Amino acid sequence: MEIHKYETLWFAASLLLIVGFIGTITYGAVGVGIEMVNDDGGTVDPDNLSDHERFGDTGVHQVNDTHYEVNMIAVHPSFIPSEIEIPAGSTVTFYMTASDVTHGFKLVDSNLNTMIIPGQITKITAEFDDPGEYGFVCHEYCGSLHHEMAGNLSVVPEDEWGGVDS
Ligand code: CUA
């Protein structure tokens, strides 16, 4: 049996495409660090957040010299807190939950992007080496004022850092 050379060529080209598609899917799934929201952060009763050790005390908390935690509640149409300030050179772990409906959290100019789900605690950690302003927005439609749901993270130079309030 003789296979025509154009047929061989097309066969090779389509095989190359299939390998390419599998490659992009694999890269998207594991190469860029995308994870589904999982149970790592634990669960919480969305109706009793004020009694919760974390969410009864929202805001920035210092763990040690370079590590901070931010406890945040998403409730339409706000993030609590919506203004966050941390010193440059710190590692920040965000613990987030929602008290009403599913919200989103996307920190502009970073790869921090997650869902915030009632009953789930979303836990994400990031390092902030350089001073700057990072806006964050809700990217899951959550109600009529969804478009106003936003906040700001200020990374201030270490020598201008005033410490946490509480
Ligand atoms: Cu919260 Cu959209």
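1. Basis of the values. Because the model is predicted, local features need pLDDT of at least 70 and side-chain atom pairs count only at pLDDT 80 or more, whereas totals for chains, interfaces and linings use all residues. Residues are numbered from 1 along each chain as its sequence is written, and side-chain values use heavy atoms, with hydrogens and water left out.

2. The largest pocket. A pocket here is an open set of points, on a 1 Å grid over the protein atoms alone, where a 1.4 Å probe fits and which has protein on both sides within 12 Å along at least five of seven lines. The largest pocket has a volume of about 660 Å³, a volume being the space filled by probe spheres set on the points, which are joined across faces, edges and corners. Its lining, made up of residues with an atom within 4 Å of a point, comprises 21 residues, and Gly33, Glu35, Asn113, Thr114 and Ile124 lie nearest the centre of the pocket.

3. Make-up of the lining. Strands are DSSP runs of E with at least two residues and helices are runs of H or I with at least four, both numbered from the N terminus. Strand E7 (113-116) and strand E8 (122-128) each supply at least two residues of the pocket lining, and E8 gives the largest share, four residues. The lining divides into nine nonpolar, nine polar and three charged residues, where Ala, Val, Leu, Ile, Met, Phe, Trp, Tyr, Cys and Pro count as nonpolar, Asp, Glu, Lys and Arg as charged, and the others, Gly among them, as polar.

4. The nonpolar cores. A nonpolar core is a set of buried Ala, Val, Leu, Ile, Met, Phe, Trp, Tyr and Cys residues joined through side-chain atoms within 4.5 Å, with buried meaning under 20% relative accessible area, exposed over 50% and partly exposed in between, for a 1.4 Å probe and protein chains only. The largest core has 29 residues, and those with the most contacts inside it are Phe79, Ile84, Phe94, Phe105, Phe128 and Leu153. Strand E2 (67-75), strand E4 (83-87), strand E5 (90-98), strand E6 (103-107), E8, strand E9 (132-137) and strand E10 (150-156) each supply at least two residues of this core. A second, separate core of six residues includes Val44, Leu49, Tyr95 and Ile121.

5. Two residues followed through their contacts. With contact taken as heavy atoms within 4.5 Å, and neighbours within four places in sequence left aside, Leu153 is in contact with residues including Ile84, Ile86, Leu107, Phe128 and Phe136. Val70, found in strand E2, is buried with a relative accessible area of 0%, and beyond four places in sequence the residues that Val70 touches include Val60, Ile84, Val92, Phe94 and Tyr95. The C-alpha atoms of Val70 and Phe11, 59 residues apart along the chain, are separated by 54 Å.

6. The salt bridge. When a salt bridge is a side-chain nitrogen of Lys or Arg within 4 Å of a carboxyl oxygen of Asp or Glu, the count comes to one. The side chains of Glu69 and Arg54 meet in it, at 3.2 Å from N to O. Glu69 lies in strand E2 and Arg54 in the loop between helix H1 (5-31) and strand E1 (59-62), so the pair ties together parts that are 15 residues apart in sequence. Glu69 is buried, with a relative accessible area of 17%.

7. Backbone points to check. Most residues other than glycine have a negative phi, and most peptide bonds are trans. A cis peptide bond joins His76 and Pro77, with omega about -5°, and Pro77 lies in the loop between E2 and strand E3 (78-80). The bond from Ile80 to Pro81 is also cis, with omega near 0°, and Pro81 is found in the loop between E3 and E4. Asp109, in the loop between E6 and E7, has a positive phi near 60° and is exposed, with a relative accessible area of 71%.

8. The loop between E9 and E10. Met149 is found in this loop and is buried, with a relative accessible area of 1%; not counting residues up to four places away in sequence, Met149 touches residues including His76, Pro77, Phe79, His103 and Cys142. Glu140, placed in the loop between E9 and E10, is partly exposed at 24%.
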